[in-house]
Structure formats: C-alpha cells, structure tokens
Amino acid sequence: MTRLVLKRLASGIIMLWILSMAVFALFFIAPNDVAQKLAGRQATPLTVALVSKRLGLNRPILDQYGAFAWHLLHGNLGYSYYNSEPVWTLISSRISVTFSLVLGGAVLWLGIGISTGVLAATHPRTSIDKGATFFAVFFYSMPTFLLGLILLYFFFYQLHLHGIGIFPGSGYVSFFQSPIGWAQHLLLPWIAVALTTAATYTRLTRAGMLEVMGEDYIRTARAKGVSERRITYQHSLRSSLTRWSPSSASISGYCSAGPW
C-alpha cells in the first residue's frame, strides 16, 4: 500500500512538472509581444524595453522558467497586469462561486443519475427503461453552454416578459448574505451542469444493478418474501454502487450495460 501511494505521488509530481513546462512554453509560443501589449501601441522602444526588463523577459529562458517554478513552489502565482491584482487574489475571489456551483450541481446530478438508473434497471426492456436511457443520452450529448442558454431563454427571458422574475439572469449572492438569493442565482446553472453529467451515473447505476439483480442472494431474498423495495434499495443499489470504477464511467458502452 505504501509503495502504491509513493508511486502515485511520484507520478503526480512528474505530471505537475510537465504541466508547468507546458504552461510556460505556451507563453513563448503565443505570437503576441507581452511587453509591447502592456506598454501600449504608442509606447517607444525604450518603454517596451523597460517593461520587458521589469517582467524579466530579457533574461534567458531557463532563468525565467527557474523563477517561474520557484514562485509556484512558494504559492506565488504572479501578478495580473491586466486586472492590476495578484493572480491568487483573483482566484480566491471566485472560489466560493465555483464551490457553490460544484456542490449544488453534484447533489443534483447524483440524485438525477442514480434515480434514473434505478428506474431503468427495475424496468428493463420496457418503455420506461428506453425513456430513461433516451433522457440521459440526450442531455449527455448536449453541450452545457447550449443547455444553459435554453434555460435562460425559457426560465429567465420568457418569464420576465410575463412579469415573473423568479430566476435572475446573472450575478451571484453569497450564501451567508441570503440563502434564498444564493439558491435562486445558482439553480439554473445547477440544472445545466446536472443534466449534462447525470447520464454517466445513470449508466453506471443501471449496469451495476442489472448485474447485481441476477445474483443468487437476490433470488434468495425474493424467495424469502423480502419486499421488492428493500431488495432494490438495500441490496441491489447498495451493492451496485461499490462496483463503480473510473474506467466504466464513459458513455460509449451505454448500450452494452445490460439487456434492453
């Protein structure tokens, strides 16, 4: 176990190092002259040279990468000259919004995905199964930004035309400032993220439950008179959740997840 953890840790460090080199290389591959862009179009060559010196762009590439990596190791992400703020300040100001979006979206997509998968697995090869599968694959195939625009059109624009202002079109309200306002501003983004992600969990739940429901102990439970609801949720669903794996999370094998 310790060897596996050390191996994964070493591979993670190597991957981060490769990513840091790739990000640094993109800075030089970009066709724009950063010093010229920051100095302005009307800047003289002397001004551009001063800006380049201040940013350290006149130093050798290896020296620049060394300084870049050293700052990263110390948690210094640099300074944004376009926003006139440290990069970490810009990121930290948006962490709460990102966390709120991920938290609510995860709750919704797990709820939708697992419940739809259970519904499909308990009604195999029926119209309910096909309908649940079509619902999942349809939204999985839809880009998130497109679904977001559709939700904005119907639940923001059309409702506002009729004087119904339930969902705001933009903005963010802190949870500590107003929990209701927080949920109102994030509900449409939650739905957009959840519907496009739930299909993966629908597939995993359906495939796992169909496999578990064919086991001998499930037939034994039915023979003993255990209720179907208890078999579904306490035995089949609980056992199928332990069979989830990252390699089975792709939607490409959806149609082979069990008999239709």
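Is Asp129 buried or exposed, and at what relative accessibility? The points below answer this and then turn to the salt bridges and pockets.

1. Basis of the note. This is a predicted model, in which local features need pLDDT of at least 70 and side-chain atom pairs count only at pLDDT 80 or more, while totals for chains, interfaces and linings use all residues. Residues are numbered from 1 along each chain as its sequence is written, and side-chain values use heavy atoms, with hydrogens and water left out.

2. The opening question. Asp129 counts as buried because its relative accessibility is 0%; buried means under 20% relative accessible area, exposed over 50%, and partly exposed in between (1.4 Å probe, protein chains only). Arg206 likewise counts as buried, at 0%.

3. Side chains of opposite charge can pair when their charged atoms come close. Arg206 and Asp129 form a salt bridge, with N to O at 2.9 Å; the term denotes a side-chain nitrogen of Lys or Arg within 4 Å of a carboxyl oxygen of Asp or Glu. The count by this rule is 3 salt bridges. Arg206 belongs to helix H8 (residues 179-212) and Asp129 to helix H6 (residues 127-140), so that the pair links distant parts of the chain, 77 residues apart. Helices (H or I, at least four residues) and strands (E, at least two) are DSSP runs, numbered from the N terminus.

4. Two further salt bridges. Arg219 pairs with Asp216, their closest N and O atoms being 2.2 Å apart. Both residues lie in helix H9 (residues 216-223), about one turn of the helix apart. Arg219 is partly exposed at 46%, whereas Asp216 is exposed at 51%. Glu228 meets Arg222 at 2.8 Å, N to O; Glu228 is partly exposed at 40%, and Arg222 is partly exposed at 34%.

5. The largest pocket. Its volume is about 880 Å³. A pocket is an open set of points on a 1 Å grid over the protein atoms alone, where a 1.4 Å probe fits, with protein on both sides within 12 Å along at least five of seven lines; lining residues have an atom within 4 Å of a point. Grid points are joined across faces, edges and corners, and a volume is the space filled by probe spheres set on the points. Of the 24 lining residues, those closest to the centre are Phe27, Phe68, Leu77, Gly78 and Tyr79. H4 gives the most to this lining, with 5 residues.

6. The second largest pocket. This pocket holds about 240 Å³ of space. Among its 17 lining residues, Leu152, Gly169, His185, Leu188 and Pro189 are the closest to the centre. H8 gives the most to the lining, with 6 residues.
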